[in-house]
Amino acid sequence: MRALLFFFLTLALRADERTQKLIDGLSKQAAAFQKIAPEMLGRETLHQRFLKPPRRRFHPRIGEAAKKPPQPTWQERDIISEYGFAALGDNRQELHEMRRVIAVDGHIVEDEKQAQDSLAKLIMASDDQRKRLALKQLEKYGLHGAAVDFGQLLLLFNRRDVERYEFTFSSSQQVDGLPLTVFRYKQLDGPEAMTVFEGDKLVRLRVEGEVWVRGDNYAPVRITLVANQDETGAGLREEATVEYVMSAYGALLPSTIDQRELRDGQVMLESKFVYANFQKFQTSSDVKFGDVP
């Protein structure tokens with residue numbers, strides 16, 4: 001009986017030790033991201049597939065088609081943008097994604113260099129209203145329910161907020177020869193971590209998911225997110241997977257994001273974001289870029 005009790009006590013201590021290493025690793029990487037991200041610009045390539053509602057215009061239908069209501073159709077879009085992060089709000093700790101679209105479905109809409117300069121100056125500007133308008137860059141080009149602010153998902157686990165989440169060990173994995181440890185997380189308290197705009201209404205959702213970390217230093221390589229409007233599966237459901245890689249600047253940056261939006265169990269939208277060519281710019285009146293890593 002004593003041996004069995006000692007065994008379970010040892011397991012509990014190991015679990016506590018792993019969880020503390022996870023929290024320390026996440027908080028460390030979140031702090032590095034918070035510091036470096038507002039000084040970075042990169043290239044974002046987005047492929048989105050979304051279910052478009054049927055048109056409401058009247059047009060004659062003949063035969064069997066006349067007996068069926070119009071059906072939604074799948075649409076696809078490809079958008080390339082200059083991409084970065086800006087600090088908004090009074091405490092300047094709230095980071096949001098910023099974009100300047102340079103190509104839509106293969107058609108150039110803005111010169112690359114001009115887009116870089118405009119975005120860098122916007123990030124450095126103090127006018128929060130201008131920055132908030134820039135957050136709607138994707139919607140301007142016809143995307144439906146465009147996902148934003150997944151790139152900084154790591155900031156969920158900054159030193160101030162990490163205690164709002166419960167972590168449990170899930171499994172050990174090997175990916176391309178790299179040992180990884182997988183933890184599940186679930187938000188327990190605090191303000192809902194995810195905000196979804198439903199027309200003029202705000203929907204706030206608590207989140208849960210997985211964190212995949214390196215076995216040696218507990219730096220995250222993948223963070224998944226699930227947010228449900230209703231526990232039964234009805235209503236809105238958001239899913240995302242963010243892959244992170246270590247940059248040449250000593251901080252993790254997103255490499256890919258896969259996002260899905262479901263309503264009442266049906267997939268309504270799928271987005272694939274790919275990031276490349278992050279470079280650091282100097283925060284001065286004349287925007288200057290460092291070497292591309």
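Reader: Which residue in S6 is the bridge partner of Phe169?

Author: The model before us is a predicted one. Strand S5 covers residues 165–175 and strand S6 covers residues 178–187, and the two run antiparallel, joined by 10 bridges. Within this pairing, the bridge partner of Phe169 in S6 is Phe183.

Reader: Which residue in the turn between S5 and S6 has a positive phi?

Author: S5 and S6 form a hairpin, with two residues between them. In that turn, a positive phi of about 55° belongs to Asp176.

Reader: Which residue in S9 stands opposite Leu180?

Author: Besides its 10 bridges to S5, S6 has seven bridges to strand S9, residues 208–214. S6 and S9 run antiparallel. Opposite Leu180, the residue in S9 is Arg214.

Reader: What arc do the buried residues of H2 fall within, seen down the axis of the helix?

Author: Helix H2 spans residues 112–124, and its 13 residues reach 19 Å from the first C-alpha to the last, close to the 18 Å expected. Its buried residues are Ala115, Gln116, Leu119, Ala120, Leu122 and Ile123. They line one face of the helix, because seen down the axis of H2 they fall within an arc of 160°.

Reader: At the start of H2, which residue has the backbone nitrogen that a side-chain oxygen of Asp111 reaches?

Author: H2 itself consists of residues 112–124. The side-chain oxygen of Asp111 comes to within 3.1 Å of a backbone nitrogen at the start of this helix, and that nitrogen belongs to Lys113.

Reader: Is Ser27 buried or exposed?

Author: Ser27 is part of helix H1, residues 2–36. Leaving aside residues up to four places away in sequence, Ser27 touches Phe157, Asn158, Arg159 and Val162. A residue counts as buried under 20% relative accessible area. The value for Ser27 is 3%, so Ser27 is buried.

Reader: Which residue has its backbone oxygen 2.8 Å from a polar atom of the side chain of Ser27?

Author: Ser27 lies in helix H1. A polar atom of its side chain is 2.8 Å from a backbone oxygen, and the residue that carries this oxygen is Ile23.

Reader: What percentage of the contacts in the chain with a separation of 6 or more comes from residues 24 or more positions apart?

Author: The chain holds four helices and 14 strands. Of its 293 residues, 41% count as buried. Among contacts with a separation of 6 or more, the share from residues 24 or more positions apart is 58%.

Methods: Residues numbered from 1 in each chain as written. Predicted model: local features only at pLDDT ≥ 70, side-chain atom pairs only at ≥ 80, totals over all residues. Heavy atoms only, no water. Pairing = 2+ DSSP bridges. Expected span 1.5 Å × (residues − 1). Buried < 20%, exposed > 50% of the residue type's maximum accessible area, 1.4 Å probe, protein only. Arc of directions from axis to C-beta. Polar contact = N/O pair within 3.5 Å; in protein donor to acceptor, adjacent residues only side chain to side chain. Contact = heavy atoms within 4.5 Å.
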